[in-house]
Amino acid sequence: MAVACRIQPAGAVEHPEAGYVEDVRYQLIAPALPAGPWSRVEWRGEVWAVEGEPQRWPGPRRLAYDVATIKRRG
């Protein structure tokens with residue numbers, strides 16, 4: 001199922017001694033997310049997992065939205 005959404009960086013844990021960034025997370029924002037903890041998300045040809053329960057931000061119907069944090073699987 002394809003869902004139109006906005007994705008923005010949520011942070012990363014850096015390991016300076018190794019010289020690379022690991023454990024990258026993004027926030028997925030949409031009017032309604034049919035997802036739960038550990039749901040599978042495909043984005044940019046990679047597989048991601050929803051971390052925890054998506055949060056619902058209430059408001060008028062046109063302004064309410066769901067936010068979920070996704071993390072690369074693997």
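**A ring cluster, a pocket and a loop**

Ring pairs link Tyr-26, Trp-43 and Trp-48 into a cluster. This is a predicted model, in which local features need pLDDT of at least 70, side-chain atom pairs count only at pLDDT 80 or more, and totals for chains, interfaces and linings use all residues. Residues are numbered from 1 along each chain as its sequence is written, and side-chain values use heavy atoms, with hydrogens and water left out.

Start with the rings. A pair of aromatic rings is described by the distance of the centres and the angle of the planes. Rings of Phe, Tyr and Trp (its six-membered ring) pair if their centres lie within 6.5 Å; planes under 30 degrees apart count as stacked, over 60 as edge-to-face and the rest as tilted. The structure holds four aromatic pairs. One of them joins Tyr-26 and Trp-43 edge-to-face, at 4.9 Å centre to centre and 75 degrees between the planes. Tyr-26 lies in strand S2 (residues 20–30) and Trp-43 in strand S3, so this pair ties together parts 17 residues apart in sequence. Strands (E, at least two residues) are DSSP runs, numbered from the N terminus.

Trp-43 also pairs with Trp-48. Their ring centres are 5.6 Å apart and their planes stand at 55 degrees, so this pair is tilted. Are these residues buried or exposed? Tyr-26 and Trp-43 are both buried, and Trp-48 is buried too. Buried means under 20% relative accessible area, exposed over 50%, and partly exposed in between (1.4 Å probe, protein chains only).

S3 gives the most, with four.

Ala-35 lies between S2 and S3. Ala-35 is partly exposed, with a relative accessible area of 28%. What does Ala-35 touch, not counting residues up to four places away in sequence? Ala-35 touches Val-50 and Pro-54, where contact means heavy atoms within 4.5 Å. Ala-35 and Pro-54 are 19 residues apart in sequence and 7.2 Å apart in space, C-alpha to C-alpha.
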